Amino acid sequence: MRQLVKNSNDDFRVKGYAGTNSVLLAIDLDQSRKKDLIGFAIEKKEGNFKWQWLLNSLTFPGKQHTLQAWAATPSNLAPLQKFRWADYSVEPGMTCKYKVHLVYGSGLTREEMLEVELKTDDGKPKDQHVNFNRAVAASQAFGRKFTDLDAQLSLEKNLAIEQWPVEARSWLENGLLEAILNFISQAKDEKWALDVAIYEYELQAIVDAVNAAFDRKVNIRLLYHGKKNDEQTEINESNLAKLPDGCKKPRKTHRIFHDKFIVLSKLDAAGERNPQAVMCGSTNFTENGVYRQANVVHVSENKALAETYETIFNLLWDHPDDVGFTRKWLTKNNAIADDLSLFAGFSPRSKQTDLDTFVALIQAAQKDLLFATAFKLPERILDALLGLPNDPVLRYGIQNTASRITGFHADRTAEFATPALLKSGLEGWVKEGLHGQKGNLLVHTKAVVTDFTTDHPVVLSGSHNFSVPASNGNDENYLIFRGDTDVADRYGLEILRFYEHYRFRYYAKLLKLKQANPLTVDDSWTERYYTPGNMKALSRIRFAGR
């Protein structure tokens with residue numbers, strides 16, 4: 001959901017974007033009004049709660065934070081010195097109001113104010129629902145909210161997730177696990193069917209939910225990653241022990257059966273499946289996938305889309321040990337369309353036509369490019385993400401695996417970051433850690449959003465890692481949305497959440513910062529926002545809808 005408000009002269013405007021758990025406020029102020037501007041004070045009213053000032057983790061030199069426990073100060077006393085500010089503490093389906101005040105001079109005089117109202121995950125279109133977990137990037141808030149557990153995990157690094165307090169688990173999965181379990185629970189009895197395609201089948205809560213569905217007489221078929229002498233296959237088969245052989249099959253592949261989707265169907269009188277909904281995304285059914293790595297679950301109630309996924313499931317179910325047949329069939333029958341508002345793509349396929357599409361999609365960006373990637377990328381994908389020297393496209397990217405485009409590009413062609421933790425902490429920031437994390441994979445979401453700030457964004461999301469193996473060897477799936485601003489808001493704000501979190505930490509680590517810089521006491525902080533061609537200036541203009 002988006003809303004733009006502006007004063008009568010349009011020399012002060014605020015554009016708000018609402019995702020699933022977050023709100024982004026983009027502010028623009030005419031250059032003639034920036035003299036003595038100290039920043040913005042923002043009030044928030046969530047639902048029926050009272051108005052409260054948003055907090056700033058920075059304050060003026062020589063000042064102390066008024067909320068020492070949080071190392072933060074209300075923004076009426078420590079104005080926000082950015083033209084774009086995000087609120088990541090919003091619940092889904094919540095109506096929020098924000099008042100953005102202009103603050104001037106050493107006396108922090110509040111002048112003109114604009115009010116914007118937004119609703120998170122507003123259900124438009126009604127058949128698309130997106131959930132993200134909080135993941136490792138929430139370790140700051142986790143350390144503050146669950147102090148005792150955080151300390152315990154420092155000592156007991158392998159404490160099983162089932163032994164964590166329910167509140168802590170729920171906070172980390174942030175509705176993502178709930179979305180999976182709710183989707184499974186919709187299959188109530190023998191009149192329903194679930195077709196599950198999964199790479200890693202481990203998390204006990206999901207295993208129990210599928211077993212319970214089987215006990216309710218739900219018609220279940222489950223395809224899982226299967227290889228000889230393969231540890232993941234052994235884990236999957238151990239967790240599938242309660243399902244009879246007729247309900248499960250290994251997808252025999254020399255690569256990876258990397259799909260993670262479930263199709264929900266009603267059974268007609270003849271026992272035929274009528275697909276009603278599909279659940280897909282990047283989330284493996286593991287502790288890491290649900291609680292620690294950044295992931296997405298996308299549920300669509302679009303029946304045509306569900307039928308497409310069901311067709312692919314049937315193809316795999318009927319030919320579980322013939323990857324070559326699948327590749328030929330998909331290459332011929334899953335031709336990638338570039339003119340549909342919603343397209344579902346699958347692999348493996350021949351000639352890397354999916355990668356061709358991804359490159360073309362990225363290169364078509366005119367205003368901005370947001371992306372999140374997990375693993376090593378082919379050179380042509382990197383070239384597309386990097387763009388041409390000095391082009392006008394704003395680029396905000398989060399990479400779990402460092403590459404030649406990682407870092408900051410001073411010529412404003414790009415701003416890229418790779419995950420970095422504050423292992424020693426900074427003033428105002430809690431020391432971060434990887435409690436219970438297996439491996440170094442922090443960002444597992446694979447998504448691209450182009451022209452986010454426009455009315456014609458494009459979103460790419462799924463299990464596909466944008467790699468050659470994902471194209472010609474693995475079983476993968478992905479969605480492409482064109483012109484859907486609501487879906488773009490959900491994905492775009494989540495990418496920006498991780499980008500902002502890790503970008504600061506990346507430079508804190510790179511520059512060996514011991515303390516964050518304080519707020520400036522005059523309007524000098526605004527200069528780069530009004531320098532022609534500067535990334536900050538472009539960001540101010542575009543995010544505000546100009």
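## Two helices in contact

Leu177, Ile180, Leu181 and Ile184 in helix α4 meet Ala205, Ile206, Ala209, Val210 and Ala213 in helix α5. By class, this contact of α4 with α5 has nine nonpolar residues, no polar residues and no charged residues. The structure is a predicted model. Helix α4 spans residues 176-185 and helix α5 spans residues 204-215; the two pack at an angle of about 10°, and their axes lie 10 Å apart. Because angles under 35 degrees count as roughly parallel, α4 is roughly parallel to α5.

## The seven-stranded sheet

Seven strands make up an open sheet with mixed pairing, in the order β11-β17-β16-β15-β12-β13-β14. At its edges are β11 (128-132) and β14 (248-252), each of which pairs on one side only. On average, neighbouring strands of this sheet are turned by 15° against each other, direction ignored.

Within the sheet, β12 (residues 192-198) pairs with β15 (residues 260-267) in the antiparallel sense over seven bridges. Leu194 stands opposite Leu264 in β15. Helix α8 (residues 303-318) lies across β12, β13, β14, β15, β16 and β17, and runs at about 90° to β16.

## His298 in strand β17

Strand β17 covers residues 296-300 and holds His298. Is His298 buried or exposed? His298 has a relative accessible area of 1%; buried means under 20%, so His298 is buried. The side chain of His298 makes a polar contact with the side chain of Tyr491, at 2.8 Å. Leaving aside residues up to four places away in sequence, His298 touches Gln128, His129, Val130, Val278, Met279, Cys280, Gly281, Leu479, Phe481 and Tyr491.

## The four-stranded sheet

Another open sheet has four strands in the order β1-β2-β3-β8, with antiparallel pairing. Its edge strands are β1 (2-6) and β8 (84-87), and each pairs on one side only. The twist from one strand to the next averages 15°. Strand β3 (residues 23-29) is joined to β8 by four bridges, and the two run antiparallel. Leu24 stands opposite Ala86 in β8. Helix α14 (residues 535-543) lies across β2 (12-18), β3 and β8, running at about 105° to β3.

Strand β23 consists of residues 447-450, and both of its faces are covered. Ala447 and Val449 are buried on one side, while Val448 and Thr450 are buried on the other. In a regular strand the side chains alternate between the two faces of the sheet.

Strand β19 (residues 368-373) pairs with β23 in the antiparallel sense over four bridges. Ala372 has Ala447 in β23 as its bridge partner. Strand β24 (residues 458-462) is joined to β23 by four bridges, and these two strands also run antiparallel. The bridge partner of Thr450 in β24 is Val458.

| Strand pair | Sense | Bridges |
|---|---|---|
| β12 and β15 | antiparallel | seven bridges |
| β3 and β8 | antiparallel | four bridges |
| β19 and β23 | antiparallel | four bridges |
| β23 and β24 | antiparallel | four bridges |

How values were computed:
Residues are numbered from 1 along each chain as its sequence is written. This is a predicted model: local features need pLDDT of at least 70, side-chain atom pairs count only at pLDDT 80 or more; totals for chains, interfaces and linings use all residues. Side-chain values use heavy atoms; hydrogens and water are left out. Axes are lines fitted to C-alpha atoms, for helices over the stretch in contact, and angles run from 0 to 180 degrees between N-to-C directions. Angles under 35 degrees count as roughly parallel, over 145 as roughly antiparallel, 65 to 115 as roughly perpendicular and the rest as oblique. Contact means heavy atoms within 4.5 Å. Ala, Val, Leu, Ile, Met, Phe, Trp, Tyr, Cys and Pro count as nonpolar, Asp, Glu, Lys and Arg as charged, and the others, Gly among them, as polar. Buried means under 20% relative accessible area, exposed over 50%, partly exposed in between (1.4 Å probe, protein chains only). Two strands pair if DSSP finds at least two bridges between them. A polar contact is a pair of N or O atoms within 3.5 Å; within protein, one must be able to donate a hydrogen and the other to accept it, and residues adjacent in sequence count only if both atoms are side-chain atoms.
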